[in-house]
Amino acid sequence: MRADGDDGDTTTTAATRRRRGALLFLRDVLVIFVVAVLVSFLIKTFLIRSFFIPSGSMEVTLEVDDRIIVNQLVPEVVPLERGDVVVFRDPGGWLPARVEPEQPPLVAAVDWFLALVGLSAPDSNDHLVKRLIGLPGDHVTCCNALGQMSVNGVPLDEPYVTLPPGEEKVSRDDFDVTVPADRLWMMGDNRYDSQDSRYNGDTPLKGFVPIENVVGRAFVVSWPVSHWAWLGNYPDVFDGVEKGTG
């Protein structure tokens with residue numbers, strides 16, 4: 001036979017257990033969230049990160065507003081190769097000065113958080129995306145009688161290049177350069193609409209990109225889904241090109 005008040009004690013105990021269970025659940029969710037943010041931050045900082053494409057200089061390989069995923073182990077761990085689609089910081093003078101647009105505090109906070117975990121790329125406009133054509137020491141020239149570019153004397157058949165109708169030369173303007181040590185020669189796939197190494201000769205580094213400015217190699221188009229694609233470096237194009245000695 002139960003004493004008076006047992007029902008109340010039982011009800012109180014059950015309510016306490018529910019509250020404790022809810023608190024434990026919230027604690028676990030918070031821990032999972034913090035761990036997820038930390039892992040995302042570490043991945044974004046050391047392994048991969050996302051960028052969006054702000055211009056048409058890489059069309060049709062990359063379209064305006066495409067999102068790409070970049071392997072940041074290049075070049076510190078994985079070496080650069082000719083044909084890589086590379087994201088790099090402005091070497092100085094490639095991009096026009098711009099004023100950061102004002103954002104409401106809440107929007108700015110959300111954008112900061114998304115950038116922290118690698119889901120947003122507010123600094124994409126401070127970076128460039130081009131294809132790596134010349135490594136240090138390479139002799140890069142254009143154009144031969146067939147309109148081709150050559151690297152170390154080997155003519156290139158470049159299937160990724162976009163040209164205006166009726167054009168056969170892979171560059172509007174001829175050039176003849178030797179890539180200095182620790183520098184790269186970068187060109188857009190949309191050759192007649194790309195302010196790349198060819199057209200930055202009046203900048204402090206004469207159009208060459210320091211290897212230390214490389215953020216990483218783009219390896220996939222992640223968004224929109226209709227543009228999803230792996231980004232290869234077309235090794236067959238550069239097959240037979242020996243290491244530069246310039």
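View 1. Glycine 201 is partly exposed, with a relative accessible area of 38%, where buried means under 20% relative accessible area, exposed means over 50%, and partly exposed lies in between (1.4 Å probe, protein chains only). This is a predicted model, in which local features need pLDDT of at least 70 and side-chain atom pairs count only at pLDDT 80 or more, while totals for chains, interfaces and linings use all residues. Residues are numbered from 1 along each chain as its sequence is written, and side-chain values use heavy atoms, with hydrogens and water left out. Glycine 201 sits in the loop between strand E9 (183–187) and strand E10 (209–210); helices (H or I, at least four residues) and strands (E, at least two) are DSSP runs, numbered from the N terminus. When neighbours within four places in sequence are set aside, glycine 201 is in contact with Lys206 and Gly207, a contact being heavy atoms within 4.5 Å. The C-alpha atoms of glycine 201 and tryptophan 94 are separated by 9.8 Å, although these residues are 107 residues apart along the chain.

**View 2. The disulfide between cysteine 142 and cysteine 143****.** A disulfide is counted here when two cysteine sulfur atoms are within 2.5 Å, and by this rule the count comes to one disulfide. The bond joins cysteine 142 to cysteine 143, with an S to S distance of 2.1 Å, and both cysteine 142 and cysteine 143 are buried. Because the torsion about the S-S bond of cysteine 142 and cysteine 143 is about 70°, the disulfide is right-handed.

**View 3. An open sheet of four strands****.** The strands follow the order E7-E6-E5-E8, and their pairing is antiparallel; two strands pair if DSSP finds at least two bridges between them. Strand E7 (154–155) and E8 stand at the edges, each with a single partner strand, so one side of each is left without a neighbour in the sheet. E6 and E7 pair in the antiparallel sense over two bridges, and valine 151 has valine 154 in E7 as its bridge partner. E5 and E8 pair, also in the antiparallel sense, over four bridges, with valine 177 in E8 as the bridge partner of valine 140. In a regular strand the side chains alternate between the two faces of the sheet.

**View 4. The largest nonpolar core****.** A nonpolar core is a set of buried Ala, Val, Leu, Ile, Met, Phe, Trp, Tyr and Cys residues joined through side-chain atoms within 4.5 Å. The largest has 19 residues, and those with the most contacts inside this core are Ile133, Val140, Met149, Leu156, Phe175, Trp185 and Phe238. Strand E5 (139–142), strand E6 (149–151), strand E8 (175–178) and E9 are the elements that give two or more residues to this core. Another core, of 13 residues, lies apart from the largest one and includes Met58, Val70, Val87 and Val129.

**View 5. Phenylalanine 238 and the residues that it touches****.** Not counting residues up to four places away in sequence, phenylalanine 238 touches Arg82, Gly83, Leu132, Ile133, Leu156, Tyr160 and Asn233. Of these, Ile133 and Leu156 are also listed, like Phe238, among the residues with the most contacts inside the largest nonpolar core.
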